[in-house]
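Please consult the sequence and the model shown here.

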Amino acid sequence: MSDFLEIIRERGFIHQVTDEAALTAAFRAGPVAGYIGFDATADSLHVGHLVQIMMLRWMARTGNRPVALMGGGTTKIGDPSGRDETRMILTEERIEENKAGIRRAFANLLEFGEGPGKAMMLDNAEWLDGLRYIPFLREVGRHFSVNRMLTMDSVRLRLERDQPLTFIEFNYMLLQSYDFVELRRRHGVTLQMGGSDQWGNIVLGADLVRRMDQKDAFGITAPLITTASGAKMGKTAAGAVWLNADRVSPYDYWQFWRNAEDADVGRFLALFTELPMDEVRRLGALQGAEVNEAKKILATAATALLHGRAAADSAAETARQAFEQGAAAETLPSITSALPASLADLLVSAGLASSKGEARRLVAQNGIRLNDDVVSDAQRAVTAEDLQDGAAKLSAGRKKHVLVRAG
C-alpha cells in the first residue's frame, strides 16, 4: 500500500474505497492528484470539514497533488446530501464573499503552488457556468439512470420522509460527477475524496469518467465523525466551530479541543494532528487526571495547524493563567454544588446573577461562559463531565469568574 493510503488508514480516515488494489497501484506509480469539493454556503469552513482538509494535507506530505475545489458553480444549485429541506438560493455576490472567506481558512493548512506536495485551488464555476443545457443533457445526462439516482441517500431519504426535493437539487449529482470529468481532463485528477455522505456522488463521478473518457477514476470517503457521546462533530452550545479567526478566535478554538471528551482524545489526535502514531497511542491510553495533559497537547497541536504555533502557544498560556493557575492558587472564588445542576441555579448561587430571570437574560445576551465557551441555554445542566481539574469555571462578562466544584 502507498504511504498515503497506509497513513490515512492507520489514522482512521478511510470509510470506503473504490477498487483499492488499482488505487494502490496508481499511488505507487504516482504522484496522484486528488480533490475534495467545498461548496460556498458560508463565509468560513468549520471543524466538520477538517477530516477532508487533513486528507488533503496528508496527500501533500506524501508528495501527491491535493486539489481544493471551490463550488462556485454547484453552490448555485445546492447539495441535497444530508439535508431535510431545500437550501436557500444564494446570490452570486454572496457566493463570491463566501468563497473569499473559505480561501482564508486554507492559509495555514495547505501550501499552494507548483511542484511535489503543493496544492491547487480551482473553482467549478469555470466550466459549469458556461454549460449549454441541451448539449449537457445529451453528453452527460444520458449516462445517468433515474432509477439509480432515486436509490442515492440524498434523494431517497427526502422522498421517504415526504419532504420536497426540487428539480434543481436533483441535478446536483450530475454536476458533481461532471466536475470529476473536467478535473480529469484538465489536470489529470484521478481521485475524489469526501465524507461518507458523498459516497454515491463519488461513485457516480468515477463511473462518468470511465463512461465518457474510458479513464481510471477512484474514490475514498471518510467516516462521519461524531463525539463519543454521539454528538455531531464541531457543534457546541454556542454554535458551529468555524475555522476563520474572525468567527472563532484561536483561544476559543483551543478551548474547543481542550474540552474534548476523554474517550475521544486518542481518535482526535490521530485525525486532527500530525503527531506520530506511537505518541498518539501513548497519549490516547492515558487515564484519570493524566488525560487532561493529552487534551492540552491535542488543543495546542490542532490550533497550531490552523492558526500557527504562536497563536496556539498564546491560547494555551492564556488558558493556563485564566483557569489552571486560578484553580490551583484559589485566586478565583468557588462554590460547591451537587451535580448535575441547572446553569441558572448555579449563576444565582455563585452571585453572578441576582435571579433566575437575570440569569436567563445574561445567557440570551451571550454574556455567560462555561469553561470559556459561550452558553446559549439557561436550562443547560452542568454535570461532572464539565469539570476540568476538579472545577468548572462560570464567567459573567470578562471579569466575573467563579469556580464550581462538585460536593
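The sections below describe a helix pair in a predicted model.

## Geometry of the helix pair

Two packed helices are described by the angle between their axes and the distance between the axes. Helix α10 spans residues 172-187 and helix α11 residues 199-213; their axes come within 8 Å and cross at roughly 50°. Because of this angle, α10 is oblique to α11. The crossing of the two helices is right-handed.

## Residues in the contact

On the α10 side, the contact is made by Met173, Gln176, Ser177, Tyr178, Phe180, Val181, Arg184 and Arg185. The α11 side contributes Asn201, Ile202, Leu204, Gly205, Ala206, Leu208, Val209, Met212 and Asp213. Sorted by class, the contact comprises 10 nonpolar, 4 polar and 3 charged residues.

## Length and end of α11

Helix α11 has 15 residues, and the span from its first C-alpha to its last is 21 Å, close to the 21 Å expected at 1.5 Å a residue. Gln214 follows α11 and has a positive phi, near 55°.

## Burial of α11

Of the 15 residues of α11, 12 are buried, so this helix is largely enclosed by the rest of the structure. The buried residues are Gly200, Asn201, Ile202, Val203, Leu204, Gly205, Ala206, Asp207, Leu208, Val209, Met212 and Asp213.

Which elements cover these buried residues of α11? The cover includes the helices α6 (133-139), α7 (146-149) and α10, together with the strands β5 (191-195) and β6 (218-222).

Conventions:
Residues numbered from 1 in each chain as written. Predicted model: local features only at pLDDT ≥ 70, side-chain atom pairs only at ≥ 80, totals over all residues. Heavy atoms only, no water. Axes fitted to C-alpha atoms, helices over the stretch in contact; angles between N-to-C directions. Helix = DSSP H or I, 4+ residues; strand = E, 2+ residues; numbered from the N terminus. Parallel < 35°, antiparallel > 145°, perpendicular 65-115°, else oblique. Left-handed = near helix turned anticlockwise from the far one by under 90°. Contact = heavy atoms within 4.5 Å. Nonpolar A, V, L, I, M, F, W, Y, C, P; charged D, E, K, R; others polar. Expected span 1.5 Å × (residues − 1). Buried < 20%, exposed > 50% of the residue type's maximum accessible area, 1.4 Å probe, protein only.
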